Amino acid sequence: MFRTGPRNLITDVAGLRVGNASDSRLKSGVTTVLCDASTVAGVQILGGAPGTRETDLLEPHNSVDVVHAVVLSGGSAFGLDAASGVQAALRERGIGLEVGGFRVPIVPSAILFDLRNGGDKDWGRYPPYRELGYEAAQTATADFQLGTIGAGTGALTSGLKGGLGSASTLLDNGVTIGALAAVNPTGSVTTGRTRHFWAAPFEIGDEFGGLGYPSPMPDEAKRILLKYRDKHFGRQTETGGNTTIAVIATDAVLTKAAAKRLAMSAHDGFVRAIWPTHTPADGDLVFALATGTSGIELSADAAIDLYAAAGATMARAISRGVYAATPAENDLFPVWSSRMK
């Protein structure tokens, strides 16, 4: 049986801290994961509409083996500025890869689309994401809030507000795995319009309501419920306002290639938590981080356990982000807690 870490957050993986910055008027924000030391990383992109920075270097055949932070941001392509703010904060601390006498912080990032969510996007000449990224880096801690915060501030799903979610799992061999997700998919995280989460089989305790699956399963669960088809969106029915971006992390010792495999496995959690997912309108992406702080190198059997836990932990993190969302002024969608059945 899986069990959670003490916080049930990605920061149960030693060597990681998370910072958030939000703008309630904008209905958007930034989340960053800071690494206490240079950390092996990988990435897997399965959505059809990604927005990224510095992801090519994470491929196993490329030269740079480590990162110093990763960034999840709202704002569509404008949000890619957030990584510059995080990079600036790390440079001030002398953190980075030494190149020709200079310290260059390596900060891959990904964005989700939250432009048409009811927030005021009239920011003038330059978008605010660089400053939000800097603020997020300055506030990084082991404990952080879930729901309507950081990159999840303006997130939406089909029929409900999305949000920022996290979860952790302790394996019997002493390895910890953690997940962090900014949940903004075109699909639904619940079975039809019920309160029941698709990820229910993986829930530990009542971390997202403890409701299990509905019985009988409603016929509506088979329908493809998409954000841009939802009646709550009114006139705003174009596709493209989507994407779930996430981080999976472990304290096991992994190679860069094994970190990529970890990111691939974590996408299984998207499949178990969101229906449908990985669509042409989503930019679904998972970063993987391996801090190695446990000192544990995995046998072949232990690796299978790790990759299985990656999917389960990610599914839980996605559900917790929606479960924890809170209402705000000018919301287009209700929050999960307002559903009556």
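Biologist: What makes Arg316 and Glu207 a salt bridge?

Modeller: Their closest N and O atoms are 2.6 Å apart. A salt bridge needs a side-chain nitrogen of Lys or Arg within 4 Å of a carboxyl oxygen of Asp or Glu. The pair therefore qualifies. Arg316 lies in helix 4 and Glu207 in the loop between strand 9 and strand 10, so the bridge ties together parts that are 109 residues apart in sequence. Both Arg316 and Glu207 are buried.

Biologist: What rules stand behind these values?

Modeller: This is a predicted model, where local features need pLDDT of at least 70 and side-chain atom pairs count only at pLDDT 80 or more, while totals for chains, interfaces and linings use all residues. Residues are numbered from 1 along each chain as its sequence is written, and side-chain values use heavy atoms, with hydrogens and water left out.

Biologist: How many salt bridges does the structure hold?

Modeller: The structure holds 12 salt bridges. One of them joins the side chains of Glu220 and Arg223, at 3.6 Å from N to O. Glu220 has 25% relative accessibility and counts as partly exposed.

Biologist: Why is Arg7 called partly exposed?

Modeller: Its relative accessibility is 36%. Buried means under 20% relative accessible area, exposed means over 50%, and partly exposed is in between (1.4 Å probe, protein chains only). Arg7 therefore falls in the middle class.

Biologist: Which residue forms a salt bridge with Arg7, and how far apart are the closest N and O atoms?

Modeller: The partner is Asp12, with the closest N and O atoms 3.7 Å apart. Asp12 has 11% relative accessibility, so it counts as buried. Arg7 and Asp12 are also linked with Asp143 in a network of salt bridges.

Biologist: Why are helix 3 and helix 4 called oblique to each other?

Modeller: The axes of helix 3 (residues 256-273) and helix 4 (residues 300-323) cross at roughly 45°. Angles under 35 degrees count as roughly parallel, over 145 as roughly antiparallel, 65 to 115 as roughly perpendicular and the rest as oblique. The two helices are therefore oblique. Their axes come within 7 Å.

Biologist: How do you know what is a helix, and where its axis runs?

Modeller: Helices (H or I, at least four residues) and strands (E, at least two) are DSSP runs, numbered from the N terminus. Axes are lines fitted to C-alpha atoms, for helices over the stretch in contact, and angles run from 0 to 180 degrees between N-to-C directions.

Biologist: Is the crossing of helix 3 and helix 4 left-handed or right-handed?

Modeller: Helix 3 passes helix 4 in a right-handed crossing. A crossing is right-handed if the near helix is turned clockwise from the far one by less than a right angle, and left-handed if anticlockwise.

Biologist: At what angle do helix 1 and helix 2 pack?

Modeller: Helix 1 (residues 82-92) and helix 2 (residues 129-138) pack at about 45°, with their axes 6 Å apart. That makes helix 1 oblique to helix 2. Their crossing is right-handed.

Biologist: What makes Val99, Phe102 and Val104 a patch?

Modeller: Patches are made of residues with over 30% relative accessible area and no salt bridge; like charges are joined within 9 Å, nonpolar side chains (Val, Leu, Ile, Met, Phe, Trp, Tyr) within 5 Å. Val99 has a relative accessible area of 44%, which makes it partly exposed, and lies in strand 5 (residues 97-99). Together the three form a nonpolar surface patch with about 270 Å² of accessible area. Such areas come from the Shrake-Rupley method with a 1.4 Å probe; for residues, only the protein chains shown count as cover.

Biologist: Why does Leu226 count as buried?

Modeller: Its relative accessibility is 7%, so it falls in the buried class. Leu226 sits in the loop between strand 9 (176-183) and strand 10 (245-250).

Biologist: What is the phi of Asn8?

Modeller: Phi of Asn8 is near 55°, a positive value in a residue other than glycine. Asn8 is buried, with a relative accessible area of 9%. Lys27 is not a glycine and has a positive phi of about 55°. Lys27 is buried at 6%.
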